[in-house]
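Reader: Could you walk me through this structure, one question at a time?

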Amino acid sequence: MKLQSPKATLDKSTEDTFNFLSDVKNFETLMPDNISKFEVLGEDKFLFALKGMPEIVLKKKEMTPNSRIVLGAAGGKLDFSLIADITEVEANKSEVQLTFEGEFNAMMAMMIKGPINKFIETLATNMPKAINTIA
């Protein structure tokens, strides 16, 4: 299963955007309103839970400076990745597209497709405001 968010356009360079997304504590500012828990578990790992959903731990798996960050599930029953692709639009303008990839059986995919799609859309929608509040 592969889901993509709309592209978020940010008034920041690819380097600033990459640095923002590299800091896992900044993901708290991107989370939807229905978040019930957010906890930084280390420099490269955080836990979050949305109301009515199980807790999920994401860990930085791969980083390509100023262009890509891959977060993956750390433990748990589901194996998936959340990928942020960063592209330069202009000198101080970048775009980020989030991609969710995971292997799920048909029943599970049907159940989680809607909520996951909404989740990554919310992360992308919250990104411009969140990144601009950080100097």
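Author: Gladly! Contact here means heavy atoms within 4.5 Å, and please keep in mind that the model is predicted.

Reader: Thanks! Which residues does Thr14 touch, not counting residues up to four places away in sequence?
Author: Thr14 is found in helix α1, residues 14–22. With residues up to four places away in sequence set aside, the residues that Thr14 touches are Asn66, Ile86, Thr87, Glu88 and Ser94.

Reader: Is Thr14 buried or exposed?
Author: The cut-off for buried is under 20% relative accessible area. Thr14 has a relative accessible area of 14%, so Thr14 is buried.

Reader: How is α1 oriented to α2: roughly parallel or roughly perpendicular?
Author: Helix α2 covers residues 106–133, and its axis lies 11 Å from that of α1. The two helices pack at an angle of about 100°. Angles of 65 to 115 degrees count as roughly perpendicular. Therefore α1 is, relative to α2, roughly perpendicular.

Reader: Which residues in α2 meet α1?
Author: On the α1 side, the residues are Asp16, Thr17, Phe20 and Leu21. By class, this contact has 5 nonpolar, 1 polar and 1 charged residues. From α2 come Met127, Ala130 and Ile131.

Reader: And which element gives the most to the largest nonpolar core?
Author: This core has 36 residues, and Leu21, Phe46 and Leu98 touch the most other members. Leu21, leaving aside neighbours within four places in sequence, is in contact with residues including Phe27, Ile69, Val96 and Met127. Elements that each supply at least two residues include β4 (45–50), β7 (80–90) and β8 (93–102). With 10 residues, the element that gives the most is α2.

Methods: Residues are numbered from 1 along each chain as its sequence is written. This is a predicted model: local features need pLDDT of at least 70, side-chain atom pairs count only at pLDDT 80 or more; totals for chains, interfaces and linings use all residues. Side-chain values use heavy atoms; hydrogens and water are left out. Helices (H or I, at least four residues) and strands (E, at least two) are DSSP runs, numbered from the N terminus. Buried means under 20% relative accessible area, exposed over 50%, partly exposed in between (1.4 Å probe, protein chains only). Axes are lines fitted to C-alpha atoms, for helices over the stretch in contact, and angles run from 0 to 180 degrees between N-to-C directions. Angles under 35 degrees count as roughly parallel, over 145 as roughly antiparallel, 65 to 115 as roughly perpendicular and the rest as oblique. Ala, Val, Leu, Ile, Met, Phe, Trp, Tyr, Cys and Pro count as nonpolar, Asp, Glu, Lys and Arg as charged, and the others, Gly among them, as polar. A nonpolar core is a set of buried Ala, Val, Leu, Ile, Met, Phe, Trp, Tyr and Cys residues joined through side-chain atoms within 4.5 Å.
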